[in-house]
Each structure stands twice: as C-alpha cells, then as structure tokens.
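Have a look at the model before reading on.

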Amino acid sequence: MTYQPRSDFLRTLEARGFVQDCTDFEALDARLLKEPVSGYIGFDCTAPSLHVGSLIQIMMLRWLQKTGGKPICLMGGGTTRIGDPSFRDESRPLLDEAGIAANMAGIRKVFDRYIDFGDGPTGAVMPDNDEWLDGLKYIEFLRDYGRHFSINRMLSFDSVRLRLEREQNLSFLEFNYMLLQAYDFLELYRRHGCALQMGGSDQWGNIVNGVDLTRRVAQAEVFGLTSPLLTTADGKKMGKTAAGAIWLNAEMLSPYEFWQFWRNTADADVGRFLKLYTELPLDEIARLESLRGAEINEAKKLLANAVTTLAHGAAAAQAAEETARETFEKGGAGEDLPTVLVTVEGAGVPVTQLFVKAGLAASGKEARRLIAEGGARVNDQPVVDPGALITRALFADGAIKLSAGRKRHALARLA
C-alpha cells in the first residue's frame, strides 16, 4: 500500500497486518482523524463460543476502542436463523430461538474479556439484529430495499459463484442473507451512527452491499474494511486442528489446551501471530521473531502467555505455563491437563478406547496407528501392544497420564 495512514487506528492495523481491502482507505483515514468512528462486526450465534478464527475480528474491535472509536459487536440473532452461505459447501443447520439465545450468552462472555461495554463515547454496545429483522414486512422490505440490489452483481461474488460452479445447492433462504446483512449496516447507521463495517475478506461482497445500500438510502458516507483470511505456515485454516476448533470459552476448551495451541505455533508464524493476537510493541516483536533455534521457544511462550491472558486472565495463563513446565520439562503430570473420567470394568479398558475418549485420537484406527508409530505413551512409557488393557491397578496414584507424541497430553481418572 502506497498511502500511509495517519489515524492511530489505521496506522496500528496496517502495521500489524490486519488490512486486506477498504472501500476508501484515504477517506476513512480522514474521517478517523476528524472524529471518533463507530464500527461494527457481525457474529452469528451458531455455537456457544467463538473460536480462534474470529479472534482477528475481535482484536480489530479492541484496537478500535483503544484508539478512541466505539465498537459495535452485532449479534446475529436474526441472521443465525438463515445462515451465512459464504464459502460453505452446504447450508448451516438451523437453530431454534432457545439455542440462539444460549449461544449468544456464551459469546457475550468472550467479548467481556476483550471489550469494555458501557454508555461512554467509546463504550461498546452489543445489539441483536433480531430487533429489526424479526418485524420486517416482506413486501415493504423488497419494495424499499430490494430494488437497490443487482442479482447479476450478487451472483458474481465469490461466496455465491463458487457454490454455483460446484453445482452445490444454494437455497433462496441463504441468498437472502446478503440483503439482510446489508440492511444491518443501514439500521446500525440509523440507530448508532455506525460508519464502518469490518470483517474477514470472505465478507467483502456482503460488506460492499451494506456500504452501497447505506449510501443510497441514507446518503451517508460509510466504509468497509476487511482483514486477510489467515492460514498457518503449513497451509491449514487458522483455529482448526485435528482435535477440533480452538474455542475461546473455557467451558469448551481449557485454558491449558488454549495456551498449548499457541505454544505449538510454527516458527514461521510467531512474528505474524504476535502482531495480530497480542499488544506487544512492534520493536519487541521484531526482536522476538528474529530469534532462532531453541531461543524461538521463549518467543512462543510469550505468545501463549499474552494471548491466554487476554482470553482467560493472567492467573489462567500462569497456571497453564506451570502445567506445561511440569509436563514437558519435569516429566510430571500437571493438574491443569485435560482430564477424562473412565469406568474400568472386568479385565480393563482397551488402551485404544482410552486414547479416543481422551481426545488424543479421533478413532480406534488412528489410535492403533499412533501406537504402531511409537507415539502413544501411558505414564511416559511407550505403548507397544494396540490390544493392551488398562486395569484399575494403574490408577493407584489417582490418575494416569496419556501422551500422543511429545506435545499432546491428558489425564485419565476413575469415574
């Protein structure tokens, strides 16, 4: 980018790698220099927690607040009933109102860690788009707003085009999602003076629709800004692992497992993740990402501590680091390791079943392969027989330690 932003918000985002596209970068920068800006990102309530894939957007809202703007964390209580089709191969399962409400409550707990809510000029708000979508009169909505949308243009957006090219079903219900997300921006402008919508680059088409609709209907100068979709150095989607999503709520993923995810960051990703997911100064990050060999592990621990402190608090980060030290450096079994309760009857429980139950293998077949490759250990001793049984006697000390490779561990206790 040749233009160098002057506003604190855009300078911070540009320097730390948050910026992909903007509808008018220079005009947005000028607006930010002139007055505080309210900006929103929408989050559908499809699960009781957000995961690491949403963390870059959460950090954008956090930086907006820290630089004098007002974050709007829009909950998609209405749009969750439809499901965003963007870059999906199939429709999302639809949730009832009780499920959506429960998920929304869980997501609010995530935001409470990152964003300060309140009535002040920078106090965040969390509206629910069900407030205005539920009462829409369909004929009036189509008459007033549908005429501003071109089907030809909507079909050209990647989120729709790729589904059609793959001859995968795209329901009319999902197709309406674009109109409703665009209408969200208009309503947030009317209700909160919102001038900026942000999101991942997969949302570019939806964001442009919202910008265009708000400019046409309200004659308002508003903006769209997207961040890059991240993959890890090995090409995997950020936040997805073999064991599942890296959730931001402790009820769905323990702080230790969360800490360990960041500790296991590839060397090539350390600098980039420090910029995006922590608030460490850039000169310190430059020093850390230049480390080589064993020294880079200290940078990974700093990354894990900083990200876990934001998500779960300093005490949880410290406890997770101590558990890791006990497990990896002292060869023990830290009490914060993920724990599974098992029932041992008769001659014992198959060791393969135990590894699956503990989440260290996705299936019995994967557990047997882990054993065959020498990666499975019980109480730090290699498992060589895939048909071995774990007896009650092994639980004499209260728990047994299970290990898959050098980095994944769990405790098993008697139920």
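## Starting from one threonine

Thr-226 has a relative accessibility of 0%, so it counts as buried, the cut-off being under 20%. Keep in mind that this is a predicted model. Thr-226 sits in strand β5. Which residues does Thr-226 touch once its neighbours within four places in sequence are set aside? The list runs Phe-18, Val-19, Gln-20, Asp-21, Gly-199, Gly-200, Ser-201, Trp-204 and Ile-207.

## The chain as a whole

Stepping back, the protein chain holds 18 helices and 14 strands. It has 415 residues, and 51% of them count as buried. Its accessible surface is about 19300 Å², with 49% of that belonging to carbon and sulfur atoms. Take the contacts between residues at least 6 apart in sequence: 72% of them join residues at least 24 apart.

## The five-stranded sheet

Strand β5 belongs to an open sheet of five strands, ordered β1-β5-β4-β2-β3, and the pairing is mixed. At the edges are β1 (21–22) and β3 (70–76), each of which pairs on one side only. As a reminder, strands of a sheet pair through backbone hydrogen bonds, either parallel or antiparallel.

Strand β2 (residues 38–44) and β3 run parallel, joined by seven bridges. Within that pair, Ile-41 is found opposite Cys-73 of β3.

Two helices go with this sheet. Helix α4 (residues 97–114) packs on it and touches β2 and β3, with its direction at about 160° to that of β3. Helix α3 (residues 55–66) lies across β2, β3, β4 (196–200) and β5 (223–227), and runs at about 155° to β2.

## Strands around β14

How does β14 pair with strand β8 (residues 339–342), parallel or antiparallel? The two pair in the parallel sense, over four bridges. With strand β13 (residues 400–404), β14 runs antiparallel, and five bridges join the two.

Leu-411 of β14 turns up in both pairings: it is the bridge partner of Thr-339, and Lys-401 stands opposite it as well. β13 and β14 make a hairpin with three residues between them, and in the turn Gly-405 has a positive phi of about 75°.

Helix α15 (residues 296–312) is worth a quick length check. Is α15 mostly covered or mostly exposed? Mostly covered: twelve of its 17 residues are buried. Among them are Ile-296, Leu-303, Val-307 and Leu-310, but also Lys-300, Lys-301, Asn-305 and His-312. Just past the end of α15, Gly-313 takes a positive phi of about 100°.

## Charged pairs

Side chains of opposite charge can pair when their charged atoms come close. In this model the count comes to 16 salt bridges. Three of them are set out here.

| Pair | N to O distance | Placement |
|---|---|---|
| Lys-66 and Glu-279 | 3.8 Å | 213 residues apart |
| Arg-190 and Glu-187 | 3.4 Å | three residues apart in helix α10 |
| Arg-191 and Glu-187 | 2.8 Å | four residues apart in helix α10 |

Why are Arg-190 and Glu-187 about one helical turn apart? They are three residues apart in helix α10 (residues 177–192), which is what puts about one turn between them. Arg-191 and Glu-187 are four residues apart in α10, again about one turn. An α-helix has 3.6 residues a turn, so residues three or four places apart point the same way.

Glu-187 counts as buried at 8% relative accessibility, whereas Arg-190 is partly exposed at 43% and Arg-191 is partly exposed at 42%. Through shared partners, salt bridges join Glu-131, Glu-187, Arg-190 and Arg-191 into one network.

Key
Residues are numbered from 1 along each chain as its sequence is written. This is a predicted model: local features need pLDDT of at least 70, side-chain atom pairs count only at pLDDT 80 or more; totals for chains, interfaces and linings use all residues. Side-chain values use heavy atoms; hydrogens and water are left out. Two strands pair if DSSP finds at least two bridges between them. Contact means heavy atoms within 4.5 Å. Axes are lines fitted to C-alpha atoms, for helices over the stretch in contact, and angles run from 0 to 180 degrees between N-to-C directions. Buried means under 20% relative accessible area, exposed over 50%, partly exposed in between (1.4 Å probe, protein chains only). Accessible areas come from the Shrake-Rupley method with a 1.4 Å probe; for residues, only the protein chains shown count as cover. A salt bridge is a side-chain nitrogen of Lys or Arg within 4 Å of a carboxyl oxygen of Asp or Glu.
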